[in-house]
Amino acid sequence: MSAILRRVLLTILLLLLSSLAVFAAIRLSGGDVTAARLPASATAEDRELFREQIGLNKPILTQYVDYLGKVTRGDLGNSLTNNAKISTLAVEKIRNSLILGGVAIVLVFGIGIPLGMMAAFRRNSWLDTSISSASVAGMAIPNFWLALLVVWLFSSTLGWFPSAGQGGLRYLVLPSIVLAAEGIALTVRMTRSAMLENLGQDFVRTLRASGLSESRIYFKHVLRNSLLPIISLAGLRVGQIVGYALVVETIFGWPGVGQILVNGVLRRDYPIVQFFSLLLVVVVTLGNLAASVGYTLANPRLRK
Amino acid sequence: MSASTALLEINDLSVGLHARNIGYDIVRNVSLAVNRNEILAVVGESGCGKSLTALSILQLQASPPLFITGGSILYDGRDLVKLSKSEMRKVRGPEIAMIFQDPMSALDPMFTVGTLLTSAVLAHRSVGKDAAEKLALEALADAGIEDPKRRFDEYPFQLSGGVSQRAMIALALVNDPKLIIADEPTTALDVTVQAQILDRLKELKKDRGMSILLITHNLGVVASVADRMAVMYTGEVVETGAVTDVFERPQHPYTNGLLGAVPRLGGQASDLTPIVGRVPQPDELPVGCTFVDRCSRAVAQCSTTRPILHARGRVEVRCHNPVG
């Protein structure tokens, strides 16, 4: 119980600190929303008047306290560029990002684990070599470049999938693959090495000596042991996907949290940046929490 | 001890390490027989090939790089070397079971003792889950575990060394084998627990008529449980016979040396005679007898001709100039 309480308190502290960091960073990064909101012909006086209206000329600390006060009352504020209510915007953006991120997470483990198992089962074969080389490539290729590559190949050249936007399942294919690519590659390598390590353990020899079939040993016993390290690092995979979503959503025009956050930063739309970057902190924290709960549940030494 | 009564008969078995640039035998021309209702102890120091001999009976050696390079292993008249993988799988458990040295690492940590036992049953018998669990509980009791129901639901990490070795024994017993191969079953355990485990093995032989092939480096263990023994050195059997005969009148200088190196209660430290020199590596064995460089009784022939295992008195010995 005290462990859970400590974790909750730490999370709240983390949120406070990161909100302060985001709040300060976006204001210190130069420029402000007047460039995006007011016409280019606006005079310096017009701009100053606008800043005064929305309270941008107050000291940063005062602004922060005001902001915290509003947030605790449930008021997330409005976008500075189009005045849309953030609470309304959030629902749609979060839904879109959950779809994309959820599919990517499923791909990371749903493709990564079976491929890693195949590579380990047929180690040193051509299959293992191809899977392992592909996973090295997957880790080495930056996702923005991979995005351009798949758009060029599958969209411009072959015309199989749309290059941007949102609609049916076809729109989900390219962005989710690009988003998941590095996670898949890392999961393949981790699964492969965990499987190989566990295959060399004494308990495998005992299971063979009991006359269990190789497939039973492999799919039940070795796999179950190998899932532990994969689960323990699942939190990192979530964090990775959250971070990459900024790039991938922007490239593929996917109207999610990543895209609105990038645009918010470019326009210095402070309330948007503050809310959505904190949201990412929450998601990463929850991802790590889920991973450690999963690890505890999967490991009999901790469960008992 | 005619061939027809032996349950397991290993003839001229060689097991070698073969990789890209190397290739040499680690187990060399080993012949052993385990009779029904008998405990045969194979004794020797680390690296003498005794564990590898035991593992290759069930083809559990790490292959590659270890391969059976010659000889036969007759079990109940069938040559195990020639079995296919699926035929071998049917032998493992219901015919020949194995107990390993370190029970803590030899049991899968992610499953309960009960699950491990029942899946071993279900690998061989088409019975229901309830029947399998009943057999598992019986095996735990047969292995000398006090509270089988409780242990059934425990994970290996929750067991003490002695209890997990009993769980290993239960895993071996659960499919009711005729032969148990026990590879250093007591080495990782406390002395008191060692004695209990050895007693349990003796009872299994007596009550169930089982045969046991016991691998050990401990001459005290040999003396207390085995009927017959085989002494191994550098992958060869150098002397074999009834335990009483070998202990009373060891004929191979190596056996003689081993027995001379065992401390006795009430003896002086100066009574201990170590064997001089060190064991040659398997890839740099002398041409003749492999013990020649360490032997005080070596004659000219020993450096040139490899001795063969031959009957001498009531034992068999591989030596040109045996003791006594």
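A residue is called buried if 20 or more other C-beta atoms lie within 10 Å of its own, exposed if 12 or fewer do, and partly exposed in between, with C-beta atoms placed from the backbone. By this criterion Val315(B) is buried, because it has 21 C-beta neighbours inside 10 Å. The model is predicted, so local features need pLDDT of at least 70 and side-chain atom pairs count only at pLDDT 80 or more, while totals for chains, interfaces and linings use all residues. Residues are numbered from 1 along each chain as its sequence is written, and chains are lettered from A and ligands numbered from 1 in the order in which they are written.

Val315(B) belongs to strand S12 of chain B, residues 315–317. Helices (H or I, at least four residues) and strands (E, at least two) are DSSP runs numbered from the N terminus. Leaving aside residues up to four places away in sequence, Val315(B) touches Glu239(B), Thr240(B), Gly241(B), Asp245(B), Val246(B) and Gln251(B); contact requires C-beta atoms, placed from the backbone, within 7 Å. Asp245(B) is 70 residues from Val315(B) in sequence, yet their C-alpha atoms are 7.2 Å apart.

Elsewhere in chain B, four strands make an open antiparallel sheet in the order S2-S1-S4-S5, where pairing calls for at least two DSSP bridges between two strands. Its edges are S2 (23–35) and S5 (78–79) of chain B, each of which pairs on one side only. Strand S1 of chain B (residues 6–18) is joined to S2(B) by nine bridges in the antiparallel sense, and Leu8(B) stands opposite Val34(B) in S2(B). Helix H1 of chain B (residues 50–57) lies across S1, S2 and S4 (66–75) of that chain, at about 70 degrees to S2(B); axes are lines fitted to C-alpha atoms, for helices over the stretch in contact, and angles run from 0 to 180 degrees between N-to-C directions.

The largest nonpolar core has 160 residues, and Leu40(B) and Ala170(B) touch the most other members. Helix H8 of chain A (residues 170–199) gives the most to this core, with 13 residues. Such a core is a set of buried Ala, Val, Leu, Ile, Met, Phe, Trp, Tyr and Cys residues joined through C-beta atoms within 7 Å.

Between the chains, 23 residues of chain B are in contact with 18 residues of chain A. On the chain B side, helix H2 (85–91), strand S6 (96–99), helix H3 (103–106) and helix H4 (113–122) each supply at least two residues. That side divides into 13 nonpolar, five polar and five charged residues, with Ala, Val, Leu, Ile, Met, Phe, Trp, Tyr, Cys and Pro counted as nonpolar, Asp, Glu, Lys and Arg as charged, and the others, Gly among them, as polar.

Chain A is divided into domain 1 (2–72) and domain 2 (93–303), with bounds from an automatic or database domain assignment. Their centres, taken over C-alpha atoms, are separated by 33 Å. Here 14 residues of domain 1 are in contact with eleven residues of domain 2, and helix H1 of chain A (residues 2–28) gives the largest share of the domain 1 side, nine residues. Within helix H13 of chain A (residues 270–298) is Gln274(A), which is buried because 21 other C-beta atoms lie within 10 Å. Beyond its sequence neighbours up to four places away, Gln274(A) touches Ser19(A), Val22(A), Phe23(A) and Tyr67(A).

Key
Two residues are in contact if their C-beta atoms, placed from the backbone, lie within 7 Å.
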